[in-house]
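The sequence and the structure come first, and the notes follow by topic.

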Amino acid sequence: MYNILVCDDDKEIVEAIDIYLTKEGYKVIKAYDGIEAIEKLKSEDIHLLLIDVMMPRLDGIRATLKIREESCIPIIILSAKSEDSDKVIGLDVGADDYVTKPFNPLELIARVKSQLRRYTKLGSMTQQGEKVYTVGGLEVNDETKQVTVDGESVKLTPVEYNILLLLVKNPGRVYTIEQIYENVWNEEAVAADNTVAVHIRHIREKIEINPKEPRYLKVVWGIGYKLEKNVGRI
């Protein structure tokens, strides 16, 4: 059973989400502001967080920033704000997905299941046979789900890991934004530009010495992204 932390200062919304998730077999832990959510994460075994943006004491954006300092669990932001700029801010602070209120319960459940699939796949070590992909000093071990750069461990979120895995499996191949989105999110790409770009930037910040002059993860202007095929070790 997966434990999902639902954090929103509107108790009616929390109760409604509780009903939807409980019917799907999930256990729901409740919080009503960012500080309480952080406390619950420390005391409970949480597999996914649904968190509102506008809350008292500590809002969802600042709470997500704080949580990302220590945890890579999937985070889905809930917000009444639907502008692309608001979504980018949510993704930029470390959220994996962004759902706009009022939301369709079926869509919310689908997004929860999608994030949990990625999270459990990232944590799984049951695959048979070592699958290690190396480009220069970058190494991705898809059996242990570990990423290292020049021998140093790199901590990625499940979405970041799956984007990097897609690219490192096919070095030199250019993927469009739509192809990356559809491969990683397993759904049709609709206005995926900002979502993919934010995650790409986060990956660069973690694997590149100078993210503004990347050695590994390159943009192919007007087309998409690729992982450079021939990269020498430093």
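Two strands are taken to pair if DSSP finds at least two bridges between them. The model is predicted. By that criterion, β10, β12 and β11 form an open sheet in that order, with antiparallel pairing. A second open sheet has four strands, in the order β6-β7-β8-β9, and its pairing is antiparallel.

**Three-stranded sheet**

- The order of the strands is β10-β12-β11. Residues 175–176 (β10) and 217–220 (β11) are the edge strands; each has a single partner strand, so one side of each is left without a neighbour in the sheet.
- Two bridges connect β10 with strand β12, residues 224–227, and the two strands pair in the antiparallel sense.
- Within this part of the sheet, Thr176 is found opposite Gly224 of β12.
- Helix α6, made up of residues 158–169, lies across β10, β11 and β12. Its direction is at about 70 degrees to β12.

**Four-stranded sheet**

- The strand order is β6-β7-β8-β9 and the sheet is open. At its edges are β6 (132–135) and β9 (152–154), each of which pairs on one side only.
- From one strand to the next, the twist averages 25 degrees.
- Strand β7 (residues 138–141) is joined to β6 by four bridges, and the two run antiparallel. Thr134 stands opposite Glu139 in β7.
- Helix α6 packs on this sheet as well, where it touches β6, β7 and β8 (146–149). The direction of α6 makes about 110 degrees with that of β7.

- Is strand β1 (residues 3–7) enclosed or open to the outside? Five of its five residues are buried, so β1 is largely enclosed by the rest of the structure.
- In a regular strand the side chains alternate between the two faces of the sheet.
- Both faces of β1 are covered: one side carries Asn3, Leu5 and Cys7, the other Ile4 and Val6, and all of these are buried.
- β1 runs parallel to strand β2 (residues 27–31), to which it is joined by five bridges. Leu5 is placed opposite Ile29 in β2.
- β1 also runs parallel to strand β3 (residues 48–52), with four bridges between them. Here Leu5 stands opposite Leu49.
- Together with helix α1 (residues 11–23), strands β1 and β2 make a right-handed β-α-β unit.

**Helix α3**

- Which residues of helix α3 (residues 60–67) are buried? They are Gly60, Ile61, Ala63, Thr64 and Ile67. These residues lie on the same side of α3, because they cover an arc of only 165 degrees around the axis.
- The N-terminal end of α3 is capped by Asp59. One of the side-chain oxygens of Asp59 lies 2.9 Å from the backbone nitrogen of Ile61.

**Asp97**

- Asp97 belongs to strand β5, which spans residues 97–100.
- Why does Asp97 count as buried? The relative accessibility of Asp97 is 9%, and buried means under 20%.
- Leaving aside residues up to four places away in sequence, Asp97 touches Ile75, Ile76, Ile77, Leu91, Arg111 and Gln115.

Methods:
Residues numbered from 1 in each chain as written. Predicted model: local features only at pLDDT ≥ 70, side-chain atom pairs only at ≥ 80, totals over all residues. Heavy atoms only, no water. Contact = heavy atoms within 4.5 Å. Axes fitted to C-alpha atoms, helices over the stretch in contact; angles between N-to-C directions. Buried < 20%, exposed > 50% of the residue type's maximum accessible area, 1.4 Å probe, protein only. Arc of directions from axis to C-beta. Polar contact = N/O pair within 3.5 Å; in protein donor to acceptor, adjacent residues only side chain to side chain. Right-handed = clockwise from strand over helix to strand, strands pointing away.
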